[in-house]
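This report looks at how the inside of one protein chain is packed. Please have the sequence and the 3D view open while reading.

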Amino acid sequence: MRQHAFGRTSFTVSEVGFGAWQIGGSWGDVSEADGRAALEAALDARVTFIDTADVYGDGRSEKIISSVLKARGGERPMIATKAGRRLDPHNAEGYTKANLEAFIDRSLSNLGVDSLDLVQLHCPPTEVLYRPEVFGALDDLRRAGKIRNYGVSVEKVEEALKAIEYPDVVSIQIIYNIFRQRPADLFFKEAKRKDVAVIVRVPLASGLLSGKITRDTIFASDDHRQFNRHGEAFDVGETFAGVPLEVGLQAVEEVRKLVPQGASMAAFALKWILMNEAVTVVIPGARNAEQARANAAAAEFAAISDDVITATKEIYARLIAPHVHQRW
């Protein structure tokens, strides 16, 4: 497992991290035991970066992480959480210092720590990125010792480019995968130039790029791949990377032809992301220990040739880009 410097911070993290949304909620029934086992397996595989949020299971994800790490002891991984989505309504006016501090205090309690390694604004309304006072509030909370670093989780490339104009934004979390290639056009170059860490989420397009989803797959009613299929609950780009399911399934069959014989499509898709040197860490989720181990093992996948990378770009341009490229 290769380690990368996390931007301008003092942290070094594994290139494959652990996305803890699944162990919180919105992915169907994932028991606490399975969630704990998934995290344990990732840590055993030397994963040193965990990404969570205060709204994942209304704090359940953060609490599971705290409990597992306390029981294990030893050196702690870097833990990133998020704040902002507890607002109701979720609007720019709610991003006040008082609200952010309350959210951060709750995460401190859930995670059982005195200071958060990294807090990320959780896909805030675009307008928030044009309010310097929000970032001033984060500066104040950092000086108070409640957070060590802050970043922004974004939906759009334009939001990412705006966020890194603030000098103390140390990281951007963004969707990037075979079906969402636009960040590589400009944003990655700017992030690398400014030494901003890049956290890649939704790497498998909500499981599409695992190659295991079919037209007959049935999702539970509390799985976002069922209830957010058209963006009913949050940005549709978070579900199947915003790709219409039928289109995605067609593209998956073309990608499948590029995967080496005997290899998993999921490992191939994760390695594809890691081929870009601007990526600091990719954060696939896992519902159980087996998935967590498989995700970590993707770090050992052989380098993907330029010819195959070019072929994935052709599939994207022909089938996927018309649906997603200019939208996000």
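## A buried arginine

Apart from residues up to four places away in sequence, Arg-225 is in contact with Trp-27, Ser-206, Gly-207, Ile-213, Phe-219, Thr-239 and Phe-240; contact means heavy atoms within 4.5 Å. Arg-225 is part of helix H7 (residues 224-227). Helices (H or I, at least four residues) and strands (E, at least two) are DSSP runs, numbered from the N terminus. With a relative accessible area of 11%, Arg-225 is buried. Buried means under 20% relative accessible area, exposed over 50%, and partly exposed in between (1.4 Å probe, protein chains only).

The model is predicted: local features need pLDDT of at least 70 and side-chain atom pairs count only at pLDDT 80 or more, while totals for chains, interfaces and linings use all residues. Residues are numbered from 1 along each chain as its sequence is written, and side-chain values use heavy atoms, with hydrogens and water left out.

## Nonpolar cores

A nonpolar core is a set of buried Ala, Val, Leu, Ile, Met, Phe, Trp, Tyr and Cys residues joined through side-chain atoms within 4.5 Å. The largest one has 101 residues, and those with the most contacts inside it are Phe-18, Phe-135, Ile-172, Phe-179 and Phe-187. Helix H9 (residues 265-274) gives the most to this core, namely nine residues. A second, separate core has 12 residues, including Phe-6, Val-13, Ala-80 and Val-170.

Which residues does Phe-187 touch, not counting those up to four places away in sequence? They are Val-157, Ala-160, Leu-161, Ile-164, Ile-172, Ile-174 and Val-198.

## Aromatic pairs

Rings of Phe, Tyr and Trp (its six-membered ring) pair if their centres lie within 6.5 Å; planes under 30 degrees apart count as stacked, over 60 as edge-to-face and the rest as tilted. By this rule there are 11 aromatic pairs. One of them joins Phe-268 and Phe-301 edge-to-face, at 6.3 Å centre to centre with 75° between the planes. Phe-268 lies in helix H9 and Phe-301 in the loop between helix H10 (289-297) and helix H11 (306-324), so this pair ties together parts that are 33 residues apart in sequence.

Phe-268 counts as buried at 1% relative accessibility, and Phe-301 counts as buried at 15%. Elsewhere, ring pairs link Trp-21, Tyr-56, Phe-227 and Phe-234 into a cluster.

## An enclosed cavity

On a 1 Å grid over the protein atoms alone, a cavity is a set of points where a 1.4 Å probe fits but cannot get out; lining residues have an atom within 4 Å of a point. Grid points are joined across faces, edges and corners, and a volume is the space filled by probe spheres set on the points. The whole structure holds one cavity of 30 Å³ or more. The largest cavity has a volume of about 60 Å³, and its lining includes Glu-155, Arg-180, Tyr-316 and Trp-328.

Glu-155 sits in the loop between strand E7 (150-153) and helix H5 (157-163). Glu-155 is buried, with a relative accessible area of 9%. Beyond its neighbours within four places in sequence, its contacts include Cys-123, Arg-180, Arg-201 and Trp-328.

## Backbone details

A cis peptide bond joins Asp-88 and Pro-89, with omega about 10°. Pro-89 lies in the loop between strand E5 (78-83) and helix H3 (97-111).

Asp-195 is a residue other than glycine with a positive phi, near 55°. At 40% relative accessibility, Asp-195 counts as partly exposed.

Conventions. 1 Å grid on protein atoms, 1.4 Å probe; cavity = no way out; pocket = protein on both sides within 12 Å on 5 of 7 lines; lining within 4 Å.
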